[in-house]
Amino acid sequence: MADVVSAAPSYTRPALLDAVAGLAPRLRAASGEIEARRSLGEPIVQEMADAGLYRMLWPRSLGGGEVDPLTYFEVIEMAAHSAYGHTAGDRTSMPMLMPEM
């Protein structure tokens, strides 16, 4: 049986945002489970990896996207908004990011 090799992701801003938009329905549908488990399920993790979301900041020489910080934050913000309807910067999420609050 031949191994399936997925195409290298595109690290352009539009391609990354399109990838997150494509994940949005699954993120919303799984948001309760994600919150309860405090982790992403394997299928979503794999989709995010296939889209290049975990390697956005890696240098191109190491197979990453070497995207600029503004693109990175926009993609992360869109993913958070897709899953929870708010962004990671909302006050409601601050206790999760900073438990001492």
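Modeller: Welcome! A helix here is a DSSP run of H or I with at least four residues, numbered from the N terminus. The model we are looking at is predicted.

Biologist: Thanks! In which helix is the place of aspartate 18?

Modeller: Go to residue 18 and see which run covers it. Helix α1 takes in residues 13–37. The place of aspartate 18 is therefore in helix α1.

Biologist: Does aspartate 18 count as buried or exposed?

Modeller: A residue is called exposed when its relative accessible area is over 50%. Aspartate 18 has 57% relative accessibility, so this residue counts as exposed.

Biologist: How many Å apart in space are aspartate 18 and valine 75, C-alpha to C-alpha?

Modeller: Along the sequence, 57 residues separate the two. In space, the C-alpha atoms of aspartate 18 and valine 75 are separated by 9.4 Å.

Biologist: Let's turn to charged pairs. How many salt bridges does a search of the whole structure find?

Modeller: To count, a side-chain nitrogen of Lys or Arg must be within 4 Å of a carboxyl oxygen of Asp or Glu. One of the pairs that pass is arginine 37 with glutamate 33, whose closest N and O atoms are 2.9 Å apart. Searching the whole structure, the number of salt bridges found is five.

Biologist: Which residue does glutamate 74 meet in a salt bridge, and how many residues apart in sequence are the parts that the pair ties together?

Modeller: The partner of glutamate 74 is arginine 13, with 2.7 Å from N to O.

Biologist: Which helices hold arginine 26 and glutamate 47?

Modeller: The side chains of arginine 26 and glutamate 47 meet in a salt bridge, at 2.8 Å from N to O. Because the two residues lie in separate helices, the pair ties together parts that are 21 residues apart in sequence. Arginine 26 is in helix α1, and glutamate 47 is in helix α2.

Biologist: By about how many helical turns are arginine 37 and glutamate 33 separated?

Modeller: Both residues of this pair are in helix α1. Because arginine 37 and glutamate 33 are four residues apart there, their separation is about one helical turn.

Biologist: Leaving aside its neighbours within four places in sequence, which residues is leucine 53 in contact with?

Modeller: Leucine 53 is listed with those that have the most contacts inside the core. Once neighbours within four places are set aside, its contacts are Leu16, Val20, Leu23, Met48 and Val75.

Biologist: One more, please! With which side chain does threonine 71 make a polar contact?

Modeller: Threonine 71 has its place in helix α3. With 6% relative accessibility, threonine 71 counts as buried. Leaving aside neighbours within four places in sequence, threonine 71 is in contact with Arg13 and Leu16. The polar contact, at 2.7 Å, is made with the side chain of aspartate 68.

Definitions and conventions: Residues numbered from 1 in each chain as written. Predicted model: local features only at pLDDT ≥ 70, side-chain atom pairs only at ≥ 80, totals over all residues. Heavy atoms only, no water. Core = buried A, V, L, I, M, F, W, Y, C linked by side-chain atoms within 4.5 Å. Buried < 20%, exposed > 50% of the residue type's maximum accessible area, 1.4 Å probe, protein only. Contact = heavy atoms within 4.5 Å. Polar contact = N/O pair within 3.5 Å; in protein donor to acceptor, adjacent residues only side chain to side chain.
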